[in-house]
Amino acid sequence: MFVLVNLKAYPCDPVEVATAAATVADDSGVDVGIAPQAAHLPAVAETGVETWAQHVSPVEHGSHTGSTLAEAVDDAGATGTLLNHSENRMKLADIDASLDAADRADLETVVCANNPEQIAAAAALGPDAVAVEPPELIGGDVSVATADPGIVEDAVDAAAAVDESVDVYCGAGISTGEDVVAAEELGADGVLLASGVAKADDPQAALEDLVDPL
């Protein structure tokens, strides 16, 4: 199972969280990644944790003020990027172009989607992984694996029907080790979470709880 923590724009210390994640990953053997703000990518990468961008733009080098260039993300030390998060929706053509940009920079990719139908469409674009995240559960206390296990199973089936090589992650409301186990039992290859770690008083303890059952 892959545990990817999206720090969003929460008022946390990204280096503190990244250092905790690197320690937990080393101690547990579980693959843990951190997705900080773009400006914090180099500092997070320096901790040795697997570092992900929250987004890359569907552009190449050129006149694209305000865009997040995939090559710049790579230079900053990231190894992957999220795309199409519910809080940063993209048109299908732009997702495709951002996947091309990520491929140019040799970045791994996770495309987020709301439901199994969107998961199928995202998987058809050839990302490394897709993440099913019903928007109404994002940031809540109930995980999608608990609230609607069928959507996780259907998402796994939908992705496999299109491309069996695409991993499926479970997002929205993941905050405990039990949530991670539930996601794994439903066929997910990883989890995507944010507030459960980024807002925790003790990020390392929160991460240890997440990976302990694994």
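Where is D167 found? Keep that in mind as you look at the structure; here are some friendly notes to guide you.

1. **What you are looking at.** This is a predicted model, so local features need pLDDT of at least 70 and side-chain atom pairs count only at pLDDT 80 or more, while totals for chains, interfaces and linings use all residues. Residues are numbered from 1 along each chain as its sequence is written, and side-chain values use heavy atoms, with hydrogens and water left out.

2. **Back to D167.** D167 sits in strand 7, residues 167-171. Helices (H or I, at least four residues) and strands (E, at least two) are DSSP runs, numbered from the N terminus. D167 has a relative accessible area of 31%, so it is partly exposed. For these words, buried means under 20% relative accessible area, exposed over 50%, and partly exposed in between (1.4 Å probe, protein chains only).

3. **A patch of negative charge.** D167 belongs to a negative patch on the surface, whose members include D31, E60, D128 and D189. Helix 3 (70-75) and helix 4 (92-104) each bring at least two residues to the patch, and helix 4 gives the most, with three. A patch is made of residues with over 30% relative accessible area and no salt bridge; like charges are joined within 9 Å, and nonpolar side chains (Val, Leu, Ile, Met, Phe, Trp, Tyr) within 5 Å. Asp and Glu count as negative, Lys and Arg as positive, and His and the chain ends are not counted.

4. **Aromatic pairs.** Searching the whole structure gives two aromatic pairs. In one of them, the ring centres of F2 and W52 are 5.8 Å apart with planes at 40°, so this pair is tilted. F2 is in strand 1 (residues 2-6) and W52 in strand 3 (residues 50-53), so the contact ties together parts that are 50 residues apart in sequence. W52 is buried at a relative accessible area of 1%. F2 also pairs with Y169: their centres are 5.7 Å apart and their planes at 65°, so the pair is edge-to-face. Because F2 lies in strand 1 and Y169 in strand 7, this pair ties together parts 167 residues apart in sequence. Rings of Phe, Tyr and Trp (its six-membered ring) pair if their centres lie within 6.5 Å; planes under 30 degrees apart count as stacked, over 60 as edge-to-face and the rest as tilted. F2, W52 and Y169 form one aromatic cluster.

5. **Salt bridges.** How many salt bridges does the count come to? There are two, where a salt bridge is a side-chain nitrogen of Lys or Arg within 4 Å of a carboxyl oxygen of Asp or Glu. E87 bridges to K8, with the closest N and O atoms 2.9 Å apart. E87 is exposed, at a relative accessible area of 52%, whereas K8 is buried, at 11%. R104 forms a salt bridge with E71, the closest N and O atoms being 2.9 Å apart. This pair links distant parts of the chain, with R104 in helix 4 and E71 in helix 3, 33 residues apart. R104 counts as partly exposed at 39% relative accessibility, and E71 as buried at 17%.

6. **Helix 8.** Take a look at helix 8 (residues 177-185), where G177, D179, V180, A182 and A183 are buried. After helix 8 comes G187, which has a positive phi, near 105°.

Key: Areas by Shrake-Rupley, 256 points an atom, 1.4 Å probe, with all protein chains shown as cover. Charge placed at Lys NZ, Arg CZ, Asp CG, Glu CD.
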